[in-house]
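Work through the exercises below with the sequence and the coordinates at hand. Try each task before reading its solution.

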Amino acid sequence: MRKMMRDKALVRRLSACETMGSATTICSDKTGTLTLNQMTVVEAYFGGEKMDPPDNTQKLSAAVSTMIIEGIAQNTSGSIFEPEGGQAPEVTGSPTEKAILSWGLQLGMKFSETRSKSSILQVFPFNSEKKRGGVAVQVGDSEVHVYWKGAAELILESCTSWIDKDGSKQSMTPEKVGEFKKFIEDMAVASLRCVAFAYRPCEMSDVPKEDQRADWVLPEDNLIMLGIVGIKDPCRPGVQDSIRLCAAAGIKVRMVTGDNLQTARAIALECGILTDPNVSEPTIIEGKTFRELSDLEREEVADKISVMGRSSPNDKLLLVKALRNRGHVVAVTGDGTNDAPALHEADIGLSMGIQGTEVAKESSDIIILDDNFATLVRVVRWGRSVYANIQKFIQFQLTVNVAALIINVVSAVSSGDVPLNAVQLLWVNLIMDTLGALALATEPPNNHLMQRPPVGRR
């Protein structure tokens with residue numbers, strides 16, 4: 001355990017080391033494990049056209065810019081601390097929130113000033129099932145704006161109009177929907193995460209009184225599309241080599257992510273999980289499709305899945321169960337609280353030490369201290385090493401003991417005399433065996449271990 005600790009793996013349950021050596025498949029998160037989790041906005045599409053560079057708002061009217069900035073500042077779970085003395089502002093929050101807030105700063109957003117101009121009436125926190133988050137804010141005396149942001153294709157479905165660069169509202173024609181979809185697809189193919197911003201105005205009369213506001217559900221239909229941003233999360237260096245090592249060792253790496261299929265496909269190709277860009281179902285599948293299959297069909301399909309996109313935490317759990325029923329030894333990586341059921345269900349749960357939540361760490365068997373996929377391969381190597389060493393130890397013990405026993409019995413029967421008396425047998429057992437066995441049991445892992453197939457469940 002101490003040696004593994006130096007290799008950036010903290011073992012919480014000892015038996016997990018050995019189990020990891022016989023793992024046949026790894027279900028990995030994308031964000032933070034395969035990628036660096038350092039999101040930045042690299043493309044933006046507002047007012048019906050692409051902004052180049054993404055923080056260039058000169059083409060947009062002041063009204064549109066104000067709305068974008070208000071939507072960014074109010075509809076966020078992150079925050080910005082602006083230190084006095086002209087130092088750079090500090091952005092906190094989840095990686096996606098940080099990317100969007102940092103982009104807001106580039107647009108010229110003054111965070112605390114923007115937030116003080118309007119008051120929040122109701123918040124719908126981002127939800128991994130609905131893949132969107134919203135907020136209702138009151139501007140002035142009677143004007144209410146409801147802002148939404150979330151997965152681009154899902155927000156687009158709820159939009160009936162869009163705002164052009166002059167700030168006038170246009171109706172969402174099928175051609176325009178096609179244009180937006182094409183833009184989302186282009187972003188996804190370039191492995192960007194697409195986040196859309198939309199809003200709708202409300203009258204103060206539509207908003208419940210303060211004492212009844214707790215149950216008020218924010219309106220999600222007839223939205224007006226403000227625009228879409230593409231957020232890039234670069235692949236971790238060394239991930240490709242690690243995945244190649246896993247493949248050579250007979251371990252299949254599967255990626256489970258909340259991103260849409262195109263983004264997931266692009267990242268999987270970049271990492272080396274997929275080798276052919278034109279694969280179709282069921283190698284790359286949407287969480288919803290997988291969820292709707294029957295238990296038997298799920299087990300059939302689970303073997304073939306390499307990438308699952310748009311998945312909810314529950315889909316990850318279903319995939320783990322299906323793979324285990326097929327006789328696989330499943331390792332799962334996760335960092336969020338919602339990954340806890342899958343981590344618990346898997347044979348080996350691996351949580352992330354930096355990004356991981358306490359709940360995920362509690363449910364896991366091994367904590368990867370540097371959040372890196374390459375560390376996972378080192379854990380597999382250690383696991384196989386422990387397994388191989390136990391095998392060598394037993395083989396050595398049996399050989400020595402059986403040999404001594406046979407020699408003694410045969411000699412005693414044939415000549416009536418014993419070649420090894422009791423003290424000598426003890427000497428063989430205690431001194432030679434112990435030293436030899438210790439030498440074999442503590443042999444460090446080597447790369448040859450990663451060239452044999454996994455042992456499997458039996």
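**Exercise 1. Helix H12**

Task: Compare the end-to-end reach of helix H12 (residues 313-325) with the span expected at 1.5 Å a residue. Then state which residues of H12 are buried.

Solution. 
- The model is a predicted one.
- H12 has 13 residues.
- The expected span is 1.5 Å times one less than the number of residues.
- Burial means under 20% relative accessible area. In H12 the residues that pass are Asp315, Lys316, Leu317, Leu318, Leu319, Val320, Ala322 and Leu323.
- Gly327 follows H12 and has a positive phi, near 95°.

**Exercise 2. The nonpolar cores**

Task: Find the members of the largest nonpolar core that touch the most other members. Which elements give two or more residues to this core?

Solution. 
- The largest nonpolar core has 40 residues.
- Met20, Ile273, Ile348 and Phe373 touch the most other members.
- The helices that give two or more residues are H2 (15-21), H8 (239-248), H9 (261-271) and H15 (373-415).
- The strands that do so are E1 (9-11), E14 (252-256), E18 (348-352) and E19 (366-368).
- H15 gives the most, with six residues.
- Now take Phe373. Leaving aside neighbours within four places in sequence, its contacts are Ile26, Ser28, Thr33, Leu34, Arg236, Val239, Ser242, Ile243, Cys246 and Val253.
- A second core is separate and has 32 residues, including Ala73, Val135, Ile224 and Ile231.
- As background, nonpolar side chains tend to be buried together in soluble globular proteins.

**Exercise 3. Strand E14 and its partners**

Task: Is E14 mostly covered or mostly open? Which residue in E14 is the bridge partner of Cys27?

Solution. 
- Count the buried residues of E14: four of five, so the strand is mostly covered.
- Strand E2 (residues 25-29) runs parallel to E14, and five bridges join them.
- Arg254 in E14 is the bridge partner of Cys27.
- Strand E16 (residues 307-309) is also parallel to E14, joined by two bridges.
- Here Val256 has Met308 in E16 as its bridge partner.

**Exercise 4. Strands E7, E8 and E9**

Task: State the sense in which strand E7 (residues 118-127) and E8 pair, and over how many bridges. Do the exercise again for E8 and strand E9 (residues 143-151).

Solution. 
- Strand E8 (residues 132-139) is mostly covered, with seven of its eight residues buried.
- E7 and E8 pair antiparallel, over seven bridges.
- Phe124 has Gly134 in E8 as its bridge partner.
- The hairpin of E7 and E8 has four residues between the strands, and Lys131 there has a positive phi near 60°.
- E8 and E9 also run antiparallel, joined by eight bridges.
- Val139 stands opposite Glu143 in E9.
- The hairpin of E8 and E9 has three residues between the strands, and Gly140 takes a positive phi near 70°.

**Exercise 5. Thr76 and Arg115**

Task: Classify Thr76 as buried or exposed. Then list its side-chain polar contacts and classify Arg115.

Solution. 
- Thr76 sits in the loop between helix H3 (62-74) and strand E5 (79-81).
- Its relative accessible area is 16%, so Thr76 is buried by the cut-off of under 20%.
- The Thr76 side chain reaches the backbone nitrogen of Gly78 at 3.0 Å.
- The Thr76 side chain also makes a polar contact with the side chain of Glu97, at 2.8 Å.
- Beyond four places in sequence, Thr76 touches Glu97, Leu101, Phe111, Arg115 and Lys149.
- Arg115 belongs to helix H5 (residues 111-117).
- Its relative accessibility is 28%, so Arg115 counts as partly exposed.
- Leaving aside neighbours within four places, Arg115 is in contact with Ala73, Gln74, Thr76 and Ile120.

How values were computed
Residues numbered from 1 in each chain as written. Predicted model: local features only at pLDDT ≥ 70, side-chain atom pairs only at ≥ 80, totals over all residues. Heavy atoms only, no water. Core = buried A, V, L, I, M, F, W, Y, C linked by side-chain atoms within 4.5 Å. Buried < 20%, exposed > 50% of the residue type's maximum accessible area, 1.4 Å probe, protein only. Contact = heavy atoms within 4.5 Å. Pairing = 2+ DSSP bridges. Polar contact = N/O pair within 3.5 Å; in protein donor to acceptor, adjacent residues only side chain to side chain.
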